[in-house]
Amino acid sequence: MRSLLSGRAGVRLMKKYLKFIIAGIIALVFIFTFVFLWMKSRPEAIAYDEFTPKVMDLKKTTVVTGKIEPRNEVSVKPQISGIITEITKEAGQTVQAGEIIAKIKVIPDMQQLSAAQARARLAEVNVKQAATDHQRERVLFDKGLVSADEYDKVRQALRQAQEEVRAAGDNLEVVRDGVSKRSANSSSTLIRSTVSGIILDIPVKVGNTVILSNTFNDGTTIATVANMNDLIFRGNIDETEVGSLVTGMAMKITVGALQNEKLRANLEYISPKAVESNGANQFELKAAVTGLGRTRLRSGYSANAEIVLAQASHVLTVPESSIEFTGGSTYVYVIKGRGEQQTYERRKVTTGLSDGINIEIKQGLTTKDRVRGPERN
C-alpha cells in the first residue's frame, strides 16, 4: 500500500517538473525572439566610400555612329537605249576613265527610224537632181554660154547635196545601229567609265534592257565607280553637342569590321540644318579619312568616330558621384577625424569639366582632403 502511494506521488512530482521545464522553454524562446527582433530593428551604421582628390587629365568626348563612303561616287549611265550584249568588267576591279565597261545593242525607235529612212531617200533624190543640173551647167560653161559665177552656184549645190547624203546615211546608221561607220571609235553603244577608280557595283546583266537619261527618267545605271583612296566618314551628332564642334577638329575612327585598325579623320563639314531622327534633332557631319596606308576599306563600312569636345590637363578631380548638386551650387562632404570621432563637413566647391566619371574641382578642395562618396551597398 505504501509503495503504491509513493509511486503516485512520484508521478505527480514528475508532471509538476515537466510543466516547469515546458514553461522555461517557452520563456527562453520568447526572450530569444524579442532580443532577435530588437537587434534587427536597430539602425545599422551607414558606410560610405571614401575618395582623395587626384590630379589628372580630363577629356570630354562623344562618339558618333556613321559609315565610311567615297567622297565622289559616280553612276555610269548609257547615252542610248538598248539591250546589254556584253559586260567587260566586274565589281571590285580597277577601271580607268574611258575604259569600256559594257556594250549595248540598240533597239531603234520606229518613228525615228522611219524619219531617218525618209531623210536618206530624199537626200538620194536631191543629189541625183543636183548631179544632172551640174552636168548641164558644165556643158554650157565649157561652151562659154554661162558665167563662171552661175557655174559655181550649181557646183556648190551638188556638193551640198552630196554632203546631205552622207549626213542622212550617218543619221540612219546611228538610229538603226547606235553608231555610224565614221564615228565607230566614239560609239554610244560602248559604255565607258567617266572616271578612274574602283567599280563598286554593276547592277545590270547581259540581256537587260537599259534606257538613257531624259526629262522623265534618270536612266539605267550600268556601273557605280568611285575613288577608294579619297574616303569620308559620314554621321549624325545630337544638337546638344554640335555647338562644341568646329571644322578641322581631329577624330579617331574605329571601323566595326576592322577592330584593330585605328584611323584618323579631320572634320570638314557640319550641316547648317537639323534632321529629325527618333524624335531628336541631329546634324549631319562629314570628315576626311586620313592615314589609310595599306588598310583596304570598303564602301558602306559601319564606323564610330570619337571626338574630343573639351579637355583639361593636370587638374584636381574627384568622382562625380561624390558631388551634391543643389540648385545652381555644388557641394561635397569632407571627412573629419577617424573611427568613432569621424564627422562630415558639407563644403561648397567650384566645379569645371566633367568626363562623365570624374569632375574637375577648381576651388574648395586640396589633395590632402578626404571626400565622402556614395553609400556602400
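**Reading salt bridges, strands and patches**

Modeller: Glu163 and Arg166 both lie in helix H3, 3 residues apart, which is about one turn of the helix, and in this predicted model their side chains meet in a salt bridge of 2.7 Å, N to O.

Biologist: Why can side chains such as these pair?

Modeller: Side chains of opposite charge can pair when their charged atoms come close. In this structure Glu163 has a relative accessibility of 37% and counts as partly exposed, and Arg166, at 41%, counts as partly exposed as well.

Biologist: How many salt bridges are counted here, and which helices hold Arg119 and Glu164?

Modeller: The count comes to 15 salt bridges. One of them joins the side chains of Arg119 and Glu164 at 3.0 Å, N to O; Arg119 lies in helix H2 (residues 110-142) and Glu164 in helix H3 (residues 148-177), so the pair ties together parts that are 45 residues apart in sequence.

Biologist: Which strands hold Glu284 and Arg234?

Modeller: The side chains of Glu284 and Arg234 meet in a salt bridge of 2.7 Å, N to O. Because Glu284 belongs to strand S14 (residues 280-290) and Arg234 to strand S11 (residues 231-238), this pair ties together parts that are 50 residues apart in sequence. Salt bridges can also share partners, and in that way Lys336, Glu345, Arg347 and Asp369 are joined into one network.

Biologist: Turning to strands, in what order do the 4 strands of the open sheet stand?

Modeller: The order is S7-S6-S4-S9, with antiparallel pairing, and the edge strands, S7 (190-192) and S9 (209-210), each pair on one side only. Strand S6 (residues 100-106) is joined to S7 by 3 bridges, and Ala102 has Ile191 in S7 as its bridge partner.

Biologist: What do S18 and S19 form?

Modeller: S18 and S19 form a hairpin with 3 residues between them, and Gly356 in the turn has a positive phi of about 95 degrees. Strand S18 (residues 343-354) pairs with S19 in the antiparallel sense over 3 bridges, while strand S15 (residues 302-319) and strand S19 (residues 358-363) also pair in the antiparallel sense over 3 bridges.

Biologist: Finally, which residues form the positive surface patch, and which form the nonpolar one?

Modeller: Lys59, Lys252, Lys262 and Arg264 form the positive patch, with Arg264 placed in strand S13 (residues 258-277). The nonpolar patch consists of Leu18, Ile21, Ile22, Ile25, Ile26 and Val29, which together have about 570 Å² of accessible area; Val29 is placed in helix H1 (residues 2-41).

Terms used
Residues numbered from 1 in each chain as written. Predicted model: local features only at pLDDT ≥ 70, side-chain atom pairs only at ≥ 80, totals over all residues. Heavy atoms only, no water. Pairing = 2+ DSSP bridges. Helix = DSSP H or I, 4+ residues; strand = E, 2+ residues; numbered from the N terminus. Patch = residues over 30% accessible without salt bridge, like charges linked within 9 Å, V, L, I, M, F, W, Y side chains within 5 Å. Areas by Shrake-Rupley, 256 points an atom, 1.4 Å probe, with all protein chains shown as cover. Salt bridge = Lys/Arg side-chain N within 4 Å of Asp/Glu carboxyl O. Lys, Arg positive; Asp, Glu negative; His and termini not counted. Charge placed at Lys NZ, Arg CZ, Asp CG, Glu CD. Buried < 20%, exposed > 50% of the residue type's maximum accessible area, 1.4 Å probe, protein only.
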